[in-house]
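Here is a briefing on one protein chain. Keep the sequence and the 3D view open while you read.

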Amino acid sequence: MTGEATERTTTGAADCVVREMRWWDIEPVMELEKDLFPQDAWSRGMFWSELAHSRGPGATRRYVVAEKDEQIIGYAGLVVSGDQGDVQTIAVARDHWGTGLGSRLLTELLRAATSFECAEVLLECRVDNVRAQKLYERFGFEPIGIRRGYYQPGNVDALVMRLRMASDDDSADATSPDGEQGTEIHD
Ligand SMILES: CC(C)(COP(=O)(O)OP(=O)(O)OC[C@H]1O[C@@H](n2cnc3c(N)ncnc32)[C@H](O)[C@@H]1OP(=O)(O)O)[C@@H](O)C(=O)NCCC(=O)NCCS
């Protein structure tokens with residue numbers, strides 16, 4: 001993560017609370033979900049399923065919400081499998097865009113990825129979602145491939161991005177060629 005991103009988290013959206021998402025947050029999150037992802041919104045059941053795996057010793061998920069004046073204004077989620085994390089979702093209410101809240105939520109997910117001892121964090125992003133891509137790039141995510149037609153029913157491609165988490169092996173990584181750069185990924 002860059003120093004710039006860390007600084008943003010202390011300035012933007014400073015007056016809201018970021019906390020664990022619980023089942024009673026699903027309804028307000030669904031309202032945002034339908035507004036922000038009109039073509040491929042998650043169902044209530046998907047959020048219930050994710051939250052079912054977010055607590056206890058075997059937890060593999062971390063979901064958070066941003067709350068301001070008792071209103072949910074953002075949410076984000078990470079799933080972990082082995083030493084790989086995946087940003088499942090991140091969203092901010094439109095009237096709070098550009099306040100640094102997206103950065104704050106992503107910071108929280110990356111903190112969770114560190115706790116889960118992830119070696120890398122991946123995500124998919126619509127190729128036309130430049131705003132989100134810029135957010136991810138600021139945190140050090142790099143494009144590693146395209147998933148054709150990942151978003152249905154619109155048949156929109158996904159850009160796959162990856163962030164390597166800091167580890168003792170970093171010096172070895174820095175000297176090895178990155179053969180995956182620009183690789184096409186086919187499901
Ligand atoms: C993508 C998304 C989460 C970004 O959230 P956000 O709160 O606007 O993110 P940030 O405020 O941290 O950064 C966005 C912009 O605000 C600017 N910004 C950040 N902090 C700021 C501050 N304190 N003051 C002014 N501007 C600031 C950033 O420079 C950035 O602008 P840039 O993209 O031109 O560089 C949000 O746009 C969203 O919910 N989009 C719809 C859902 C979506 O697409 N999710 C991603 C799926 S892959």
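The largest nonpolar core holds 43 residues. Such a core is a set of buried Ala, Val, Leu, Ile, Met, Phe, Trp, Tyr and Cys residues joined through C-beta atoms within 7 Å. Buried means that 20 or more other C-beta atoms lie within 10 Å of a residue's own; exposed means 12 or fewer, and partly exposed lies in between, with C-beta atoms placed from the backbone. This is a predicted model: local features need pLDDT of at least 70, side-chain atom pairs count only at pLDDT 80 or more, and totals for chains, interfaces and linings use all residues. Residues are numbered from 1 along each chain as its sequence is written.

**The core**

- Tyr75, Leu105, Leu106, Leu109 and Ala113 have the most contacts inside the core.
- Two or more core residues come from each of helix 2 (26-36), strand 2 (61-68), strand 3 (71-81), strand 4 (84-92), helix 4 (101-115), strand 5 (120-126), helix 5 (130-138) and strand 7 (156-164).
- Helix 4 gives the most, with seven residues.
- Helices (H or I, at least four residues) and strands (E, at least two) are DSSP runs, numbered from the N terminus.
- In soluble globular proteins, nonpolar side chains tend to be buried together.

**Helix 4**

- Twelve of the 15 residues of helix 4 are buried, so the helix is mostly covered.
- Among them are Gly102, Ser103, Arg104, Thr107 and Glu108.
- Leu109 is in contact with Arg62, Ala76, Leu78 and Val87, leaving aside its neighbours within four places in sequence.
- Two residues are in contact if their C-beta atoms, placed from the backbone, lie within 7 Å.
- The end C-alpha atoms of helix 4 are 21 Å apart, which agrees with the 21 Å that 15 residues should span at 1.5 Å a residue.
- That expected span is 1.5 Å times one less than the number of residues.
- Glu117 follows helix 4 and has a positive phi, near 60°.

**Helix 2**

- Ile26, Val29 and Glu33 are the buried residues of helix 2.
- Seen down the helix axis, these buried residues fall within an arc of 60°, so they line one face of helix 2.
- The arc is that of the directions from the helix axis to the C-beta atoms.
- The buried residues of helix 2 pack against helix 3 (44-52), strand 2, strand 3 and strand 4.
- Glu27, Glu31, Lys34 and Asp35 are exposed, on the face of helix 2 turned away from its buried side.

**Strands 6 and 7**

- Strand 6 and strand 7 pair in the antiparallel sense, over six bridges.
- Strands pair if DSSP finds at least two bridges between them.
- Pro143 lies in strand 6 (residues 142-151) and stands opposite Met161 in strand 7.
- Leaving aside neighbours within four places in sequence, Pro143 is in contact with Leu159 and Met161.
- Pro143 counts as partly exposed because 17 other C-beta atoms lie within 10 Å.
- Pro143 and Cys125 are 18 residues apart in sequence and 9.9 Å apart in space, C-alpha to C-alpha.

**Backbone points to check**

- Most residues other than glycine have a negative phi, and most peptide bonds are trans.
- A cis peptide bond joins Gln152 and Pro153, with omega about 10°.
- Pro153 is in the loop between strand 6 and strand 7.
- Asn155 is in that loop too, and takes a positive phi near 60° in a hairpin with four residues between the strands.
- Asn155 is exposed, with 9 C-beta neighbours inside 10 Å.
- Glu70 has a positive phi, near 65°, and is found in the loop between strand 2 and strand 3.
- Glu70 is exposed because 6 other C-beta atoms lie within 10 Å.

**Whole chain and confidence**

- The protein chain has six helices and eight strands.
- Buried residues make up 31% of its 187 residues.
- Of the contacts between residues at least 6 apart in sequence, 62% join residues at least 24 apart.
- The chain averages a pLDDT of 87, and 83% of the residues score at least 70.
- pLDDT is the predictor's confidence in each residue, from 0 to 100.
- Over residues 1-12 the pLDDT is below 50; this stretch has 24 contacts beyond near neighbours in sequence.
- Over residues 173-187 the pLDDT stays under 50, with 13 contacts beyond four places in sequence.
- Where pLDDT is low, the predicted coordinates should not be read in detail.
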